Amino acid sequence: MTEEPLVRREHHGPVCVLTMGYRPYNLVGPKLLGALTAELKLGLEAGARAVLLCSSLRHFSAGADLDLFESRSEAPPPAAAATTKSGRSSTVEFLRSFELAPVPIVASVHGVCLGGGFELALACDYVIAAKSAKIGSVEATLGLQPLMGGIQRQVQRGGMARAKEMSLLGRRYDPETLERWGMINLAVADELLESTAMTIAQELAHGPTLAHGATKQLAYIAANEGVLAADEAMADIQKPIWASEDLKLGLASFRKNGPGMAKFVGR
């Protein structure tokens, strides 16, 4: 019997669907993150213009692999955390690879999305969740805090007060509450999750891909370095847009048909 891949990659037109199937609960650790990194790279190389991240299991992700925490707590301080050449942890670098990917990434969340699983979702550009899902930063119940960068990303999305509430109390929240707080983008009925997530991913994939990539870059700089830094970087980041085929198509379509009718090609 062929072993099921940890992450299955499929292409639906310009949308690359990455489906996590790391049994039993998509526990976050080197195996799952390594598989996601590899499949994202292959999807982009195949020409994907948007990515949809979802799970084939009962849950999106129940959090981190606790065995990793136990081995790390027993290690001497110098060996406590794996880091890259930049000095950042490898898990932070993974989240940055999602945030800096040149195409939009949509997370489709069902079941539980806790701890490291929530941090993974926070690194995506658009988070949609089934109303029955339970989402939270529950690391405090283990004597920890979010370790991959979840706290600072919660601050970016929902503000300091809500970010501290989530990480300090360690509770599970319903998606409608997190939508109101700005932590996720959209809560939908369970039966609509799959179709709505694909519709959003397809809409993004059929948009002006270079412009979307520039939007992600500027948003990232503004959130991490401030508006002034984004202002200074804007001209260089926008250069590829001015030479793009999509801009020519968009302007021509606007003159002929009005707004919203352009068919972009991603170049």
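A residue is termed buried when its relative accessible area is under 20%, exposed when that value is over 50%, and partly exposed in between. The legends below describe close-up views of a predicted model.

**Figure 1. Thr177 in helix α7, shown with its separation from Ser253.** Thr177 belongs to helix α7, which spans residues 175–181. Its relative accessibility is 11%, which falls under the 20% cut-off, and Thr177 is therefore classed as buried.

**Figure 2. The aromatic pair Phe94 and Phe98 in helix α3.** The structure has 2 aromatic pairs by the rule applied. One of them joins Phe94 and Phe98 in a tilted arrangement, with 4.9 Å between the ring centres and 40° between the planes. Both residues belong to helix α3 (residues 90–99), where they stand 4 residues apart, about one turn of the helix. Phe94 is buried because its relative accessible area of 5% is under 20%. Phe98, with 1% relative accessibility, also counts as buried.

**Figure 3. The loop between β2 and α1, with Pro24 and Asn26.** Pro24 is located in the loop that runs between β2 (15–20) and α1 (30–45). The peptide bond leading from Arg23 to Pro24 is cis, and its omega is near 5°. Asn26 is placed in the loop between β2 and α1 as well. Phi of Asn26 is positive, near 55°, in a residue other than glycine. With a relative accessible area of 0%, Asn26 is buried.

**Figure 4. The salt bridge between Glu4 and Arg23.** Side chains of opposite charge can pair when their charged atoms come close. The structure contains 11 salt bridges. In the one formed by Glu4 and Arg23, the closest N and O atoms are 3.4 Å apart. Glu4 is in the segment before β1 (7–12), while Arg23 is in the loop between β2 and α1, so this pair ties together parts that are 19 residues apart in sequence. Glu4 is partly exposed, at a relative accessible area of 34%. Arg23 is exposed because its relative accessible area, 57%, is over 50%.

**Figure 5. The salt bridge between Arg153 and Glu99.** The closest N and O atoms of this pair are 2.6 Å apart. Distant parts of the chain are linked here, since Arg153 lies in helix α5 and Glu99 in helix α3, 54 residues apart. Both Arg153 and Glu99 are buried.

**Figure 6. The salt bridge between Asp236 and Lys239 in helix α10.** Asp236 and Lys239 form a salt bridge in which the closest N and O atoms are 3.2 Å apart. The two residues are both in helix α10 (residues 227–242), separated by 3 residues, about one turn of the helix. Asp236 and Lys239 are both exposed.

**Figure 7. Cys113 and Cys124.** The search of the whole structure returns 0 disulfides. Cys113 takes part in no disulfide, and the nearest cysteine sulfur, that of Cys124, is 9.3 Å away. Cys124 is likewise in no disulfide, its nearest cysteine sulfur being that of Cys113, 9.3 Å away. Cys113 is buried, with a relative accessible area of 1%. Cys124 counts as buried at 3% relative accessibility.

**Figure 8. The contact between His59 and Val112.** His59 is situated in the loop between β3 (50–55) and α2 (66–73). A polar atom of the His59 side chain lies 3.0 Å from the backbone nitrogen of Val112. The relative accessible area of His59 is 13%, and His59 is therefore buried under the 20% cut-off.

**Figure 9. A nonpolar surface patch that includes Leu144.** Leu66, Leu142, Leu144 and Leu147 make a nonpolar surface patch of about 320 Å². Leu144 is placed in the loop between β7 (134–136) and α5 (150–158). With 30% relative accessibility, Leu144 counts as partly exposed.

Terms used
Residues numbered from 1 in each chain as written. Predicted model: local features only at pLDDT ≥ 70, side-chain atom pairs only at ≥ 80, totals over all residues. Heavy atoms only, no water. Phe/Tyr/Trp six-rings, centres within 6.5 Å; stacked < 30°, edge-to-face > 60°. Buried < 20%, exposed > 50% of the residue type's maximum accessible area, 1.4 Å probe, protein only. Patch = residues over 30% accessible without salt bridge, like charges linked within 9 Å, V, L, I, M, F, W, Y side chains within 5 Å. Areas by Shrake-Rupley, 256 points an atom, 1.4 Å probe, with all protein chains shown as cover. Salt bridge = Lys/Arg side-chain N within 4 Å of Asp/Glu carboxyl O. Disulfide = S-S within 2.5 Å. Polar contact = N/O pair within 3.5 Å; in protein donor to acceptor, adjacent residues only side chain to side chain.
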